[in-house]
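Biologist: Before I rely on any of the labels attached to this model, I would like to see how each one was reached. Could we go through them in turn?

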Amino acid sequence: MSGKACRSCGAALTTSFVDLGGQPISNAFRAVEQLSSPELFYPLRAMVCADCKLVQLEDTPPRDAHFHADYIYFSSFSNSWLDHACAYATAMIERFHLDGASRVVEIASNDGYLLRNFNARGIPSLGVEPSANVAAAARAQGVETREAFFGAQTALAMVGDGLSADLMPANNVLAHVPDLNDFVAGFRILLKPSGVATFEFPHLLPLIRNVYFDTIYHEHYSYFSLLALLPLLQRQGLEAFDVEKHSTHGGSLRLFVAPAGSDRPKADAIAHLIAEEKAAGLDDLATYASFKDKTYSAKRAILSLLCDLKEKGHAIAAYGAPAKGNTLLNFIGAKTDFIDYTVDRNPNKQGLFLPGTAIPVLPVEALVERRPDYVLILPWNLAREIMHEQSALCASGSRFIIPLPRSHIV
Ligand SMILES: [Zn+2]
């Protein structure tokens with residue numbers, strides 16, 4: 001018993017899903033002068049609700065530990081993600097006939113990388129973003145942005161200002177929300193009766209199937225199956241009418257949601273996905289209870305590969321400094337004893353050190369200069385893009401390590 005209640009339905013949480021040990025906040029990169037001072041670690045454990053099957057963190061660090069002025073994650077640094085955003089805007093404009101009379105309100109709009117696609121087509125947009133410097137970056141590129149945490153109160157204030165929404169994208173934000181019911185209620189308040197919200201989030205099914213334990217981190221409070229999400233929407237007066245699978249983040253869902261009672265036809269994809277989740281045992285607690293042992297087995301496999309390479313005297317670098325990389329490295333306990341350095345395209349991360357492991361972050365060019373024998377790709381979901389970008393390195397003899405789903409060398 002954890003003594004905690006489910007974030008969605010309120011039932012007591014009794015079943016453990018995973019325990020990744022003590023971990024620092026994955027975006028708490030450190031400067032060189034901080035390396036000799038103590039570092040904060042928080043337990044990273046998840047439970048599953050026996051009633052609604054929502055997987056959720058057991059303990060969460062204080063909210064302001066995540067969102068602060070130094071928040072260094074800017075969306076605009078991955079090409080494949082920018083392409084995904086552009087394709088999203090095109091698809092939504094066509095499907096829902098958006099034009100200059102429509103309004104798009106994006107929740108957690110980051111630096112405006114998505115909304116600028118709507119602006120470019122003359123469709124009015126507004127972003128809602130809690131992080132001050134990220135909101136400022138959005139405004140600097142002409143994306144109107146409200147600095148706020150979204151929920152019922154923010155939505156009511158926006159309605160009070162005469163705003164309403166035809167389309168509300170909420171990409172990769174649902175998992176970050178501490179009060180799910182309040183957050184989802186905000187969509188019901190701000191959406192026009194004919195409006196549509198789209199929620200995009202990493203899908204729990206591939207996480208369990210492929211043991212993507214590294215996609216669990218403190219910033220993500222909840223891990224969703226469609227089975228767990230439908231009752232939450234229903235409770236807040238919303239209903240899902242379609243769902244798409246996307247390859248982003250190792251397997252994501254894009255769920256299309258409308259106010260309850262709307263006349264939108266329900267796509268067969270909803271029933272098909274529910275059937276697939278049930279076939280995979282996502283309605284059975286035993287499926288969740290067996291996950292922890294699978295993470296230990298994955299940890300041993302990655303470590304044994306790294307140990308083998310180090311014993312043979314090879315130099316190993318890493319590519320990327322994503323949140324998932326920090327979960328992975330801290331869980332397996334690999335520091336500069338295994339990984340000499342990592343590289344990242346984001347200049348805000350260069351010159352800093354990874355939280356927990358103190359692995360230095362260098363510019364990407366360092367790979368070609370230093371030519372490591374092996375490069376561990378931390379954002380394995382972008383492995384193809386990265387290996388293509390580094391084809392010259394590959395031609396000079398360096399090889400790549402993909403840590404998950406099964407650790408292997410390419
Ligand atoms: Zn529940």
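**Labels and their cut-offs**

Modeller: Let us begin with helix α8, where Asp268, Ala271, His272 and Ala279 on the other side of the helix are exposed. The model is a predicted one, in which local features need pLDDT of at least 70 and side-chain atom pairs count only at pLDDT 80 or more, while totals for chains, interfaces and linings use all residues. Residues are numbered from 1 along each chain as its sequence is written, and side-chain values use heavy atoms, with hydrogens and water left out.

Biologist: Which residues of α8 are buried, and what makes them line one face of the helix?

Modeller: The buried residues are Ile270, Leu273, Ile274 and Glu277, where buried means under 20% relative accessible area, exposed over 50% and partly exposed in between, with a 1.4 Å probe and protein chains only. Seen down the axis of α8, these residues fall within an arc of 100 degrees, so they line one face; the arc is taken over the directions from the helix axis to the C-beta atoms. They pack against α7 (226-235), β10 (238-246) and β11 (252-259), and such a contact means heavy atoms within 4.5 Å.

Biologist: How do you know that the span of α8 agrees with its number of residues?

Modeller: Helices are DSSP runs of H or I with at least four residues, strands are runs of E with at least two, and both are numbered from the N terminus. The expected span is 1.5 Å times one less than the number of residues, so the 12 residues of α8 (268-279) should span 16 Å, and the end C-alpha atoms, at 17 Å apart, agree with that.

Biologist: Why are α7 and α8 called oblique to each other?

Modeller: They pack at an angle of about 130 degrees with their axes 9 Å apart, the axes being lines fitted to C-alpha atoms, for helices over the stretch in contact, and the angles running from 0 to 180 degrees between N-to-C directions. Angles under 35 degrees count as roughly parallel, over 145 as roughly antiparallel, 65 to 115 as roughly perpendicular and the rest as oblique, and α7 and α8 are therefore oblique. Their contact is made by Leu226, Leu227 and Leu230 of α7 and Ile270, Leu273, Ile274, Glu277 and Lys278 of α8.

Biologist: What makes α10 roughly perpendicular to α11?

Modeller: Helix α10 (residues 291-311) and helix α11 (residues 323-332) pack at about 85 degrees, with their axes 10 Å apart, which makes α10 roughly perpendicular to α11. The contact joins Thr295, Tyr296, Lys299, Ile302, Leu303 and Leu306 of α10 to Leu328, Phe331 and Ile332 of α11.

Biologist: Why does Asp51 count as exposed, and which residues does Asp51 touch?

Modeller: Asp51, in the loop between β2 (42-48) and β3 (55-57), has 59% relative accessibility and therefore counts as exposed. Leaving aside residues up to four places away in sequence, Asp51 touches Cys9 and Ala11.

Biologist: Is Ala358 buried or partly exposed?

Modeller: Its relative accessible area is 32%, so Ala358 is partly exposed. Ala358 is found in the loop between β13 (342-343) and β14 (361-362) and has a positive phi of about 55 degrees although it is not a glycine.
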